[in-house]
Amino acid sequence: MAAARAPSLTALVLRALVPWRRGRVLEASAERQARRGASSSSPEAGEGQIRLTDSCVQRLLEITEGSEFLRLQVEGGGCSGFQYKFSLDTVIHPDDRVFEQGGARVVVDSDSLAFVKGAQVDFSRELIRSSFQVLNNPQAQQGCSCGSSFSIKL
């Protein structure tokens, strides 16, 4: 029997910030299910999509094997209130959205997607570090200088 996933901190914050009526939640779920049918995105994707830069696609193709993909999550914390978390994963959950470009995949859960929709995922190589980063996040009001945390627009 599979263990139930506890609601994340971001899900709890999102529920507190966005007052939904039950009917609207059901409508949103139905819309999400309909969109999931066309789960991959293209570079010219709409505002609810995640776009991948060429350097992100190239790096993911280098480091992933088989069914591996990059998971992007948003968690509470960091110096600005929320922080991005990247990890390699192989399991796609029912509430995940898959964004694919050039054979590379980035997966975002529905709670985190509310905080990063319309953003771009990049892979940056600098003198002192190399990392995946979220760029041009329209949901972020401001971020820290290192780019790993942000505050949301209210």
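Biologist: In the hairpin of strand 4 and strand 5, which residue takes a positive phi?

Modeller: This is a predicted model. Strand 4 (residues 96–101) and strand 5 pair in the antiparallel sense over six bridges, and D96 stands opposite D109 of strand 5. Two residues lie between the strands of this hairpin, and the one with a positive phi, near 60 degrees, is G102.

Biologist: Which residue is the bridge partner of R71 in strand 5?

Modeller: Strand 5 (residues 104–109) has five of its six residues buried. Strand 2 (residues 69–77) pairs with strand 5 in the parallel sense over three bridges. Within strand 5, the bridge partner of R71 is V107.

Biologist: Within what arc do the buried residues of helix 3 fall, seen down its axis?

Modeller: Helix 3 (residues 54–63) has C56, V57 and L60 as its buried residues. They line one face of the helix, because their directions from the axis fall within an arc of 100 degrees. These residues pack against several strands, including strand 2, strand 4 and strand 5.

Biologist: How are the rings of F86 and F132 arranged: stacked, edge-to-face or tilted?

Modeller: F86 is partly exposed at 24% relative accessibility, whereas F132 is buried at 14%. F86 lies in strand 3 (residues 81–89) and F132 in strand 7, so the pair ties together parts 46 residues apart in sequence. Planes under 30 degrees apart would count as stacked and over 60 as edge-to-face. The ring centres of F86 and F132 are 6.0 Å apart and the planes stand at 40 degrees, so the pair is tilted.

How values were computed: Residues are numbered from 1 along each chain as its sequence is written. This is a predicted model: local features need pLDDT of at least 70, side-chain atom pairs count only at pLDDT 80 or more; totals for chains, interfaces and linings use all residues. Side-chain values use heavy atoms; hydrogens and water are left out. Buried means under 20% relative accessible area, exposed over 50%, partly exposed in between (1.4 Å probe, protein chains only). Helices (H or I, at least four residues) and strands (E, at least two) are DSSP runs, numbered from the N terminus. Two strands pair if DSSP finds at least two bridges between them. The arc is that of the directions from the helix axis to the C-beta atoms. Contact means heavy atoms within 4.5 Å. Rings of Phe, Tyr and Trp (its six-membered ring) pair if their centres lie within 6.5 Å; planes under 30 degrees apart count as stacked, over 60 as edge-to-face and the rest as tilted.
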